[in-house]
Amino acid sequence: RSYSIFVGLFIVVAASVAAYVFAPKGENQTVWRSSLCLAFAACYMMWVLTLLAQLHPLIAPRRSDLRPENAE
């Protein structure tokens, strides 16, 4: 399960390399390359932060259906 972070990173790096290589030629080639690589990086960061927040939550959930003497 923790290996999915590295699989996602590999996919993003591969997509960024493909965007760099296959960017349309012309005066806006640098804009295309930068925009696509930044978009891939931003999507990866959002995904990995969400995944890690779910795997290791900062606040542990508490049950509300317990009697007060059994609650911790």
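## A charge over a ring

The charged end of Arg-33 sits over the ring of Tyr-20, 3.8 Å from its centre. A charge counts as sitting over a ring if NZ of Lys or CZ of Arg is within 6 Å of the ring centre and within 35 degrees of the ring normal.

## Model and conventions

This is a predicted model: local features need pLDDT of at least 70, side-chain atom pairs count only at pLDDT 80 or more, and totals for chains, interfaces and linings use all residues. Residues are numbered from 1 along each chain as its sequence is written, and side-chain values use heavy atoms, with hydrogens and water left out.

## The aromatic pair

The structure holds one aromatic pair. The ring centres of Tyr-44 and Trp-47 lie 6.0 Å apart with their planes at 40°, so the pair is tilted. Rings of Phe, Tyr and Trp (its six-membered ring) pair if their centres lie within 6.5 Å; planes under 30 degrees apart are stacked, over 60 edge-to-face, and the rest tilted.

Both Tyr-44 and Trp-47 lie in helix α2, three residues apart, about one turn of the helix. Helices (H or I, at least four residues) and strands (E, at least two) are DSSP runs, numbered from the N terminus. Tyr-44 counts as buried because its relative accessibility is 13%. Trp-47 is partly exposed, with a relative accessible area of 38%. Buried means under 20% relative accessible area, exposed over 50%, and partly exposed in between (1.4 Å probe, protein chains only).

## The nonpolar core

Which residues make up the largest nonpolar core? There are five: Ile-5, Val-12, Tyr-44, Val-48 and Leu-51. The elements giving two or more residues to this core are α1 (4–21) and α2 (29–55). Helix α2 gives the most, with three residues. Such a core is a set of buried Ala, Val, Leu, Ile, Met, Phe, Trp, Tyr and Cys residues joined through side-chain atoms within 4.5 Å.

Tyr-44 touches Ile-5, Gly-8, Leu-9 and Val-12, not counting residues up to four places away in sequence. Contact means heavy atoms within 4.5 Å.

## Gln-29

Gln-29 is found in helix α2. Its relative accessibility is 16%, so Gln-29 counts as buried. Leaving aside neighbours within four places in sequence, Gln-29 is in contact with Ala-23 and Pro-24.

## Annotated spans

An unreviewed UniProt entry lists residues 6–23 and 35–55 as "transmembrane region". UniProt positions are given in the numbering used here, feature names are shortened, and annotations may be inferred rather than shown by experiment.

For residues 6–23, the end C-alpha atoms lie 25 Å apart, and the span is 89% helix and 0% strand. For residues 35–55, the end C-alpha atoms lie 30 Å apart, with 100% helix and 0% strand.
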